[in-house]
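The following questions and answers examine one protein chain. Please keep the sequence and the model in view while reading.

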Amino acid sequence: MSDDSNPANGSREETFRRLLRDFGAAIQRLANSYEADPALREDLIQEVYLALWQSIPTFRAESSERTWLYRVAHNTAISTILSSNRRRHREQILPAGFESASKVESAERTLIRDEQHSALLHAIRLLPLIDRRIVTLHLDSLSYAEIEQVTGLSQSAIATRLTRARARIAATIGTKENRQ
C-alpha cells in the first residue's frame, strides 16, 4: 500500500476528514443495517466515528484502508448493539415500535421501492449479528477475500453464511408479503 493511503500518514484530523468523506455513506448504510431507531442509529454512527478517530494511529497497513475501516466500524457496531441490548434487558424496556411510515406522498413506484427497502432492512436486522455483518459487507461490494479480512471467517464459511442469510431474508420478506 502506498504511503498516501495509509491513515497514519498526515495529520490525524486530515485523515479522519478524508475517511468520512470517502466512507461516510458506507458508515451510514452500516448503521442503518444495525439500528432501526433513528436516534439510536445516530448514536451508533457517532460511536463508529469515535472508534475510527481513536484507531487512526494504530493502522499498520496490513490490509487495505477500506478493509481496516470496515473492521473497525463493524466491530464497533456489534459491541454497541450488544451493550445496548444488555442495557435494555436490564432496564426491561420494551422494544421500539415499527419505523414510521413515509410522510412524503410520492409516486406509487417510489412508495413500492421504499417499502421493499424497508422490508429488506427489517429482514437484515433479524439476522444474527455475524450474518448481518457479512450481508452488509457484501451489499457494500466487498469481495469474499475482503470480508474474510474483516470477519476472520474463511471464504467458504462466508459463502455458506451468505447463502443461508439470503434464504432467511427471502423467507422473512415472503412471510411479510403474505401477511399483507
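Q: In what order do the elements of the protein chain run from the N terminus on?
A: Helices (H or I, at least four residues) and strands (E, at least two) are DSSP runs, numbered from the N terminus. The chain comes to seven helices and zero strands. Read from the N terminus on, the order is α-α-α-α-α-α-α.

The model is predicted: local features need pLDDT of at least 70 and side-chain atom pairs count only at pLDDT 80 or more, while totals for chains, interfaces and linings use all residues. Residues are numbered from 1 along each chain as its sequence is written, and side-chain values use heavy atoms, with hydrogens and water left out.

Q: What percentage of the 180 residues in the protein chain is buried?
A: A residue is buried under 20% relative accessible area, exposed over 50% and partly exposed in between (1.4 Å probe, protein chains only). By this rule, the buried share of the 180 residues is 36%.

Q: What share of the contacts with a separation of 6 or more joins residues 24 or more positions apart?
A: A contact means heavy atoms within 4.5 Å. Among contacts in the protein chain with a separation of 6 or more, the share from residues 24 or more positions apart is 67%.

Q: Are helix 1 and helix 5 roughly parallel or roughly antiparallel?
A: Axes are lines fitted to C-alpha atoms, for helices over the stretch in contact, and angles run from 0 to 180 degrees between N-to-C directions. Helix 1 (residues 12–34) and helix 5 (residues 129–139) pack at about 150 degrees, with their axes 10 Å apart. Angles under 35 degrees count as roughly parallel, over 145 as roughly antiparallel, 65 to 115 as roughly perpendicular and the rest as oblique. The two helices are therefore roughly antiparallel.

Q: Which residues of helix 5 make the contact with helix 1?
A: Helix 1 contributes Leu30, Ser33 and Tyr34 to this contact. On the side of helix 5, the residues are Leu129, Arg132, Arg133 and Thr136.

Q: Which residues form one aromatic cluster?
A: Rings of Phe, Tyr and Trp (its six-membered ring) pair if their centres lie within 6.5 Å; planes under 30 degrees apart count as stacked, over 60 as edge-to-face and the rest as tilted. Phe16 and Tyr49 form an edge-to-face pair, 6.3 Å centre to centre with 90 degrees between the planes. Phe16 and Trp53 are also an edge-to-face pair, at 5.4 Å and 90 degrees. The cluster consists of Phe16, Tyr49 and Trp53.

Q: Why does the pair of Phe16 and Trp53 tie together separate parts of the sequence?
A: Phe16 lies in helix 1 and Trp53 in helix 2. The pair therefore ties together parts whose separation in sequence is 37 residues.

Q: How far apart are the C-alpha atoms of Ser63 and Val150?
A: Ser63 lies in the loop between helix 2 (38–55) and helix 3 (65–91). At 12% relative accessibility, this residue counts as buried. Ser63 and Val150 are 87 residues apart along the chain, and their C-alpha atoms are separated by 9.3 Å.

Q: What positive phi does Ser141 have although it is not a glycine?
A: Ser141 is found in the loop between helix 5 and helix 6 (144–151). Its relative accessible area is 58%, so Ser141 is exposed. The phi of this residue is about 70 degrees.
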